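Here is a friendly briefing to read alongside your structure. Have the sequence open too, and follow the residues as they come up.

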Amino acid sequence: KDVVLHVIGMIGFDGATYQSMEFLGEGATSLSLEDRMTVANMGIEAGAKNAIFPVDEEVTRFVDARCAAAGTTRDYTIFDGPDADAEYLASFDIDLGSIEPVIAKHPDPANVVPVRECKGLPLHRAYIGSCTGGKFSDFEAFAAIVRGREVKLETFGVPATPEILHRLKTETIGGEIIWDIMVNAGVRM
């Protein structure tokens, strides 16, 4: 989320209106599949019609597994990169190692500031979930933080898919089921 919020902060919440956003290079392919999905999903926050990454073995394994789970037997076509004559309105080189944790403040997702600048900002409610923050890795990291603790403000957790919900109710951290860790910490799941 820090990567895509960084980009949205650069181009604005309407900087890609009705356009495609394409993420290429070593940094793009180094992201986990979940992280690539988050970036692609949040392209809409910059007005994009779509946001895409190159297809690699991790992507095809995921698609093949999802097709098998759904009983889909239809072949699909992989488009191997941009056309040779593709035209771009803008291109940016971003060093992912230089991106620090950021937050999008009210009133729009382009109002991006480093988290460190928000010290002392009062919080009234917390939410982990939805299509961009409800991934298994998000909940796993959150559970590791709240394990054995109690949340201090009203906190909601909404897994993005039934598969993630199942994993939260079956996978463990230190022998404790992740779902139970969050519920015991006071998170409303």
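## Overview

The chain contains eight helices and eight strands, where helices (H or I, at least four residues) and strands (E, at least two) are DSSP runs numbered from the N terminus. This is a predicted model, in which local features need pLDDT of at least 70 and side-chain atom pairs count only at pLDDT 80 or more, while totals for chains, interfaces and linings use all residues. Residues are numbered from 1 along each chain as its sequence is written, and side-chain values use heavy atoms, with hydrogens and water left out.

**The chain as a whole**

- The C-alpha trace spans about 55 × 45 × 25 Å along its principal axes.
- Of the 189 residues in the chain, 29% are buried; buried means under 20% relative accessible area, exposed means over 50%, and partly exposed lies in between (1.4 Å probe, protein chains only).
- Among contacts (heavy atoms within 4.5 Å) with a separation of 6 or more, 69% are between residues 24 or more positions apart.

**The aromatic pair**

- There is one aromatic pair in the structure; rings of Phe, Tyr and Trp (its six-membered ring) pair if their centres lie within 6.5 Å, and planes under 30 degrees apart count as stacked, over 60 as edge-to-face and the rest as tilted.
- The pair is stacked because the rings of F23 and F53 have their centres 5.2 Å apart and their planes at 15 degrees.
- F23 sits in the loop between β1 (20-22) and α2 (26-30), and F53 in the loop between β2 and α4, so the pair ties together parts that are 30 residues apart in sequence.
- Both F23 and F53 are buried.

- V55, Y76 and I78 make a nonpolar surface patch of about 250 Å²; patches are made of residues with over 30% relative accessible area and no salt bridge, with like charges joined within 9 Å and nonpolar side chains (Val, Leu, Ile, Met, Phe, Trp, Tyr) within 5 Å.
- V55 lies in the loop between β2 (50-52) and α4 (57-70), and V55 is partly exposed at 39% relative accessible area.
- T60, in helix α4, touches V55, Y76 and I78, leaving aside its neighbours within four places in sequence.
- T60 is buried, with a relative accessible area of 19%, and its side chain reaches the backbone oxygen of E57 at 3.0 Å.

**Salt bridges**

- The structure holds twelve salt bridges, each a side-chain nitrogen of Lys or Arg within 4 Å of a carboxyl oxygen of Asp or Glu.
- E176 pairs with R147, their closest N and O atoms being 2.8 Å apart. This pair links distant parts of the chain, with E176 in strand β8 (residues 176-177) and R147 in the loop between α6 (136-146) and β6 (154-158), 29 residues apart.
- E176 is partly exposed at 31% relative accessible area, and R147 counts as partly exposed at 35%.
- R188 forms a salt bridge with E154, with the closest N and O atoms 3.2 Å apart. Here R188 lies in the segment after α8 (178-184) and E154 in strand β6, 34 residues apart.
- E117 and R116 form a salt bridge with closest N and O atoms 3.8 Å apart; E117 is exposed at 51% relative accessible area, and R116 is exposed at 56%.
- K1, K135 and D138 are joined in a network of salt bridges.

Conventions
Accessible areas come from the Shrake-Rupley method with a 1.4 Å probe; for residues, only the protein chains shown count as cover. A polar contact is a pair of N or O atoms within 3.5 Å; within protein, one must be able to donate a hydrogen and the other to accept it, and residues adjacent in sequence count only if both atoms are side-chain atoms.
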